Structures are given as C-alpha cells and as structure tokens.
Amino acid sequence: MTAAGQATRAGHSPLIHFPEIVSLGDAPRLHGRLRGDQPAFSFEGRQTNWAEFDRHTARVAGALAASGVGKGHRIAYLGKNSDRYFELLFGAFRVGAVMVPINWRLAAPEIVEILADSAAKILFVDETGAALADLTDDRPVYAIAPVEGVADYEGWRDAGSEIEVVVPVAADDPCIQLYTSGTTARPKGVVLPHRALYAFNEHAAAYPDQFGEDFAWISWSADDIALVALPIFHISGSGWGMIAAYAGAHTVVLDEFTNEGVIDAIRQFRVSKTVLVPATIQAITDYPGLRREDFASMRYFMYGAAPISAELLERAVAAFGCAFVQMYGLTETCGGVSCLPPADHVVGSPRMRSAGKPLPGVSVKILDPESARVLGPGAVGEICLKTPAIMCGYWQQAAETARILDADGWFRSGDAGYLDADGYLFITDRIKDMIVTGGENVYPAEVEAALALHPQVREVAVIGVPDPKWGEAVKAIVVPIGGATPDPADLIAWVRARIAGYKLPKSIDFIDALPRNATGKVTKNSLRDRYWAGRDRNVN
C-alpha cells in the first residue's frame, strides 16, 4: 500500500492508493486480509466485517461461475439499496462480470426494455423489485429477502464454491452499467471501468503536489464512515459505496433516503462523510427537532445535481457545522470532474454560482457548439471534459459513443457554460435547454441564479414557453419562502438589476415544490408539458 498526497500542505489526510487493487474485486481480498475484524457494511441492524465480506463475495463469485456467468456478462439488480447489493456487486467483479442496477421507480415497460438491452443473465430483486419484474421469462431470479415464489439469494450464494475463482480482470475492463434517466430520450447504458472509481487515487500517487487545501476533502481513510443514502442505480449511490470500499472504510447503507434515516445513521454510526443533493439537504434542515450535536462526527457533506442556494447554505451550515463541497459531473465521467471547495462556500460570493475548479487530472475546454472553436474566458459554449475517470462507452451504441467521446478522450458534456479568468467553471444550462427568444440565446441557469438570490425565493426553474411574437418567452417557476407569494414585478425588477434585459422572465408562476427525478434533478420536461401541449415540438 502507498499513501499518496503526503507531500501536500501540512495537516492533510493522504489520498490513499492501493496498487494491489487492479479490479475492484481485489478490494475485499485486500481488506479482508488487512482489517478482517473491522466493519465493512452495515444495513438495518446487520453488520458485516471485512473478513465476512471477503468470504461472501467469494461465494457470490463461485455461484455466478457455476451459473454460467463469466467475464463480460451482465447481471442485474432491481430493488432498493441493500448491503446484499454490494455483495453481489463485488462478487461480480471477482469473475469480471458487469452489474446493471435498475431504477425501481421506472414503469414496468421501461424495466423490461433495460433488461432486454443489457442481456442480463441473472436478475436479483428485493420485495419492491419482485413486484415490478416479469418473473415469467427464462432468466433466473433470486430474492435478497424472502419473497414468495422466488428463489432465496443467500441459499444460492452459500452454495457457491469456497475455492477462489481466478479470472484475470484488468483495470480498464467494465465493472458497472448505469442507465441514464431517460427523461429526454431512450435510456443509454453507460459502461464504467474499474479504474474510473480510483483514477484520482492513481493520479494523486503520481502527482501528490496537485492535491492542496482545496482538495483535502477528497481524501479517504479506513477510519472513515460513509453513508449511502442516494439510490444505487445512480453513480452517487453505487459509486459512493465503491469508493468507500476501495479505501477499506465502513459503509452504512440506507434502503432509501428519509430524514429520520439519515439523521439516525449519522448519530448512531458517527458518519464522517456522505453525498446528497440540495433537495435532501433542505429536507433534513427542515426536520423538526434537528440538533447540531447529532452531526458532530460529520467532516463533509458532498452534494451535486444542482447548486445550493445562499439561504439553504446558511441554514445547513448552522444545522450541521461541517464543511460543504459541491460536485459537478455526469454518469459518463463517473461522477465528479470539478468541485466547489469548502473555502468557496461563502454566502454572497459570486463563486457560489459556479461548479468550482476542475479536479486534478481533469481538463476542461469550452467549445462553440456550431464551429467547435475553443472559446476564451467568459464565453458560453459546450463544456468538454477530459478525465481519467471516463466511461468505456455506451453499451452497444458505438455511433453515439463516437459522437460524444473523441479519439483523444474529450467528452462532450451537452452542458453549456464558461470558465472565468480564475479557472472556475460556471454551468449555464443544458445545451438542449437553451431558450431562443427573438433570435437571442438565453440559458435558463443564468436567470435561475439571479432569481435564487432573492430573499423570498426558495427554489426556481426557468423554461421557455411559446410566444407569438418572440418565438419563445422566458418563464420562471418559483417556490417562494414561507408560503407568501412575492410580487412578480418585484422579482422581475430584481433580475433586471443582475442580467441583460432580453433574459428577463416575461412571466412568473408560483408552485409549492419543483418536480424532481430520483437523483434530485428538476424534471423540466414536466414543467414545460402544460405550455407546449398540442404542439409538434417544444421549441419555436
């Protein structure tokens, strides 16, 4: 084992790199040997130490091999978060198989489509998944908890051979296939390699001086206690658990996010770091009877999917008393490529509107969407990324992969934004969400950022709606603070003082809460639908 990052400023925990871990299936073997009696996973009163986790995942590997699952084959999991899921995940790694976690909130036809697309050889379910899955096809199905009429997972696992299954698995071989949410198009299977989960550890080992104060939060140790509360069908769920397991940390798993569950887990297990989305952070801060001492163990709250408002940041810092780190990234980049570090979480700072600075080892350039010319500071274009934690590609979609990921490793994010003179990345919107009004391009996130600063605005989403004169008009959908309805004219005047006149919302609607998908992102399509109903397309 080597500890990278030792050469950074004094007081930093090193970013640990384990050369012994090539595929993530090596992690249970290593930590089972080094720290076998220490906890690996906790779930609903069940705790598994590293020696047990090593044995369980070896048994899974043996059972998979006996079932005809080998290198490159897919297995699927349909259910809520569970420690058994992570057993399956790391057991699959040991035989070179690829896990496909499926969103249990999908409709049955969508689940059938993903199972067919992935060609998964075995399906594992919990009670929720068993109620959703088609259990009549020829694919073997095992339940991780008792389900009538479904074979028992533990019996299947424990029938696996105790003899180690030796399969050569390389760092660049695929390990997990995550399907995009499909809110705007047919879901794509994003295939991630083993190396993507520890690429920054490798980079830190090679370039320790790059990991200064701003990146101290990225360090892990075997003494960390991580909380997985976001869904495992998302990179922030599965990825968080995999990163913690790479470090040999103790991971506490919640079947799904609840205020009580997160608060109780942090209090009981002395959790040191977790990743959430602003909507869940807000839910926790709104919880009655919240006590700051319940969060005394917390070192960092990481969050992503959306910026955090100034009002929420103030309340969260007061409630939790720990550092906050905003992450920007995509499933295709295995999560974070940039971060807004704790030092920049200052209410009123213009950097609070940014996605922070690229992580060490990540390069960012801004391209003109039409000419593909690289743009300078302040100019808005498509954000293109080069990261060591990049996907292998889209499953069985070579043309789409080539369109978005070039031969030099540059990934076209589909997000619009710009770099400022100090290298901070500002996200203005999705390219496809751009509003064209009177021939001018408006990126909704710019309008949202201005409105979010208003003291009566809790949340806001900006969309384009049909306009007979301008083609499209800018509309703001606002969730007010405290139940009172602000004067729309006052809000528009507030925005007028901050951004160009052609970007101003022409109208403002008020609602109680913004619609979100399972990962916490606002589903703007559902907001647009009522305004574009009966039209052939959602742009004018």
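Which residue takes a positive phi in the hairpin of β22 and β23? Gly 423 does, with a phi near 85°, and the hairpin has five residues between the strands. Helices (H or I, at least four residues) and strands (E, at least two) are DSSP runs numbered from the N terminus.

Before I continue, a word on the source: this is a predicted model, in which local features need pLDDT of at least 70 and side-chain atom pairs count only at pLDDT 80 or more, while totals for chains, interfaces and linings use all residues. Residues are numbered from 1 along each chain as its sequence is written, and side-chain values use heavy atoms, with hydrogens and water left out.

Strands β22 (residues 411-419) and β23 (residues 425-430) are antiparallel and share five bridges; two strands pair if DSSP finds at least two bridges between them. Within this pair, Ala 416 faces Asp 429 of β23.

I turn to the sheet of nine strands. This sheet is open, with mixed pairing and the order β4-β3-β13-β12-β14-β15-β16-β17-β18. Its edges are β4 (46-49) and β18 (357-358); each has a single partner strand, so one side of each is left without a neighbour in the sheet. Strand β3 (residues 39-43) runs parallel to β13 (residues 250-253), joined by two bridges, and Ser 42 stands opposite Val 252 in β13. Helix α10 (residues 278-285) packs on this sheet, touching β14 (273-276), β15 (300-303) and β16 (323-330), and makes about 115° with the direction of β14. Contact here means heavy atoms within 4.5 Å; axes are lines fitted to C-alpha atoms, for helices over the stretch in contact, and angles run from 0 to 180 degrees between N-to-C directions.

Next comes an open sheet of three strands, ordered β26-β27-β28, again with mixed pairing. Here β26 (457-467) and β28 are the edge strands, each with a single partner, so one side of each lacks a neighbour in the sheet. On average, neighbouring strands are turned by 30° against each other, direction ignored. Strands β27 (residues 471-480) and β28 (residues 507-510) pair in the parallel sense over four bridges. Between them the chain passes through helix α14 (residues 488-496), and this β-α-β crossover is right-handed: with the strands pointing away from the viewer, the path from the first strand over the helix to the second runs clockwise. In that pair, Ala 476 stands opposite Ile 508 in β28.

Two further helices lie across this sheet. Helix α13 (residues 444-452) lies across β26 and β27, at about 145° to β26. Helix α15 (residues 524-532) lies across β26, β27 and β28, at about 40° to β26.
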